[in-house]
Amino acid sequence: MDRAAHRRRFLKFLASSPLLACGVPEWLAGFADAADAQSDLPKRASIATPNEALNVFDFEPVARQTLPRAHFGYLATGVDDDATLRANREGFSRFQIRTRRLVDVSKVDTSTELFGTTWKTPIVLAPVAAQKAFHPDGEVAAARAAGAKGHLLILSTATTVSVEEVTSARGGPVWYQLYPTDTWRITQALVKRAETAGCPVLVLTVDLPAGRNTETQSRFAKEDTRQCSSCHQPGWQGYLRRKRMFDGLDLTGVSLFSPGLTWDFVRRLKDTTKMKLVLKGLETQEDAELAAQYGVDGIIVSNHGGRAQESGRATIECLSEVVDAVRGKMPVLIDSGFRRGTDIFKALALGAKAVCIGRPYGWGLAAFGQPGVEKVLELLTRELELMMRHAGATSLAKLTRNFVVDLRRG
Ligand SMILES: Cc1cc2nc3c(=O)[nH]c(=O)nc-3n(C[C@H](O)[C@H](O)[C@H](O)COP(=O)(O)O)c2cc1C
């Protein structure tokens with residue numbers, strides 16, 4: 001075996017080792033994936049400004065250096081051995097891109113339509129909780145970046161800034177993500193507040209019914225010697241009191257998780273709100289069919305970025321069965337592991353209407369605040385446009401399954 005092949009095997013071993021799960025940066029996994037992990041590959045240089053970044057991975061080491069250990073661990077973590085986290089990245093290598101030639105690609109149109117609104121880009125900021133843990137401006141910085149670059153933003157239930165402030169910082173409506181909670185009176189209050197703030201779409205997250213095992217986060221937290229109780233008290237009450245959407249609500253006995261959640265809750269929610277209802281966290285044909293039966297308006301194929309259950313299954317590998325099951329009746333979005341324009345291209349070709357990103361903008365936010373988030377969005381947009389040009393796909397409408405080869409199917 002030549003040196004390059006040895007090096008590649010070693011990097012793969014490192015990236016997949018549970019022993020190093022909390023120490024291996026995402027970009028190393030990216031390197032190990034790359035077929036061209038050559039022995040003379042230059043090291044990733046540290047960046048001092050957003051404009052020095054060549055790709056979104058460049059923000060991760062800056063975030064790692066900047067953030068307190070516990071906060072970086074929260075951003076980085078998967079669950080158990082972080083196998084699903086890695087699977088999300090590895091899944092993209094199952095699909096290759098079929099390129100067409102001699103197409104006029106002087107203009108490419110990345111716009112997409114969701115519930116009657118046209119967005120100039122299909123790249124969406126996923127709901128990410130507690131953003132003041134990453135930067136003092138928190139969700140306001142992310143919302144300003146989304147507004148400046150024309151992206152849709154989905155605001156987390158566990159936001160550290162109110163939906164009203166975020167809407168104003170975005171300069172237009174945002175979608176609101178709902179954790180169901182185990183207390184209907186609280187759920188109702190959250191839904192009403194989002195509706196009153198002008199959110200057109202409610203995104204119900206259904207992949208965290210009963211807690212999770214975030215070992216990487218715990219390992220980082222152990223290394224953090226700061227006194228956390230000045231920011232948040234233990235338990236759900238302590239956590240939620242710092243989250244602006246819960247201001248003025250009696251939180252006695254309330255949990256964000258709801259182990260008793262079933263399709264009846266979906267029906268109840270539909271009857272409660274005029275907002276469109278999107279389910280976040282579906283992965284199977286069976287659940288997509290049920291979503292259609294229950295009058296759900298859209299689906300986000302997601303495994304919470306490998307932070308919920310350890311299924312070991314990449315979302316890109318779940319996408320086709322969900323798209324096929326809904327038969328065009330509703331838009332299907334996707335997230336988890338998207339780091340490159342080519343990843344986004346593959347999902348759009350497989351039928352997604354939009355792609356959400358989580359950690360990459362978290363890294364940008366932690367590293368440089370609003371300008372960091374803007375640069376992350378800019379890099380992904382540029383990479384997507386470049387891939388569309390290379391492939392001869394000049395609009396999302398033209399970006400069909402003919403542009404990808406599924407290596408498992410041939
Ligand atoms: C730090 C962090 C906090 C998150 N908080 C939420 C949340 O409050 N609600 C939710 O539905 N998903 C949440 N997610 C999951 C994201 O919405 C999204 O599914 C995931 O980040 C996509 O994977 P990626 O990080 O690989 O892009 C969070 C993700 C991260 C990294």
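## Reading the terms in this model

Me: Which residues does Phe95 touch, when residues up to four places away in sequence are not counted?

Reply: Phe95 touches Ile316, Glu317, Lys346, Leu350, Val405 and Asp406, with residues up to four places away in sequence left out of the list. Each of these is called a contact because heavy atoms lie within 4.5 Å. The model is a predicted one, in which local features need pLDDT of at least 70 and side-chain atom pairs count only at pLDDT 80 or more, while totals for chains, interfaces and linings use all residues. Residues are numbered from 1 along each chain as its sequence is written, and side-chain values use heavy atoms, with hydrogens and water left out.

Me: Why is Phe95 called buried, and where does Phe95 lie?

Reply: The word buried stands for a relative accessible area under 20%, exposed for one over 50%, and partly exposed for what falls in between, using a 1.4 Å probe and protein chains only. Phe95 has a relative accessible area of 3%, and is therefore buried. Its place is in strand β1, where a strand is a DSSP run of E with at least two residues and a helix is a run of H or I with at least four, both numbered from the N terminus.

Me: What phi values do Leu102 and Ala130 have?

Reply: Most residues other than glycine have a negative phi. Leu102 has a positive phi near 55° and is not a glycine; likewise Ala130, not a glycine either, has a positive phi of about 55°. Leu102 belongs to the loop between β1 (95-97) and β2 (112-114), and it counts as exposed because its relative accessibility is 90%. Ala130 belongs to the loop between β4 (123-125) and α6 (138-149), and it is buried because its relative accessible area is 10%.

Me: Which residues come nearest to the ligand, and what is the distance from Ser156 to an oxygen atom of the ligand?

Reply: A residue is near the ligand if one of its heavy atoms lies within 4 Å of it; there are 24 residues around the ligand, of which Pro127, Ser156, Thr205, Asp335 and Arg339 come nearest. A polar contact is a pair of N or O atoms within 3.5 Å. A polar side-chain atom of Ser156 lies 2.6 Å from an oxygen atom of the ligand, and a backbone N or O atom of Arg359 lies 2.9 Å from an oxygen atom of the ligand. The protein covers 99% of the 590 Å² of accessible area that the ligand has on its own, an area that comes from the Shrake-Rupley method with a 1.4 Å probe. Two or more residues of the shell are given by α4 (69-76) and by α15 (359-368).

Me: How many residues of the protein does the model contain, and what part of them is buried?

Reply: Buried residues make up 56% of the 410 residues in the protein, which has 16 helices and 12 strands. Of the contacts with a separation of 6 or more, 73% join residues 24 or more positions apart.

Key
A polar contact is a pair of N or O atoms within 3.5 Å; within protein, one must be able to donate a hydrogen and the other to accept it, and residues adjacent in sequence count only if both atoms are side-chain atoms.
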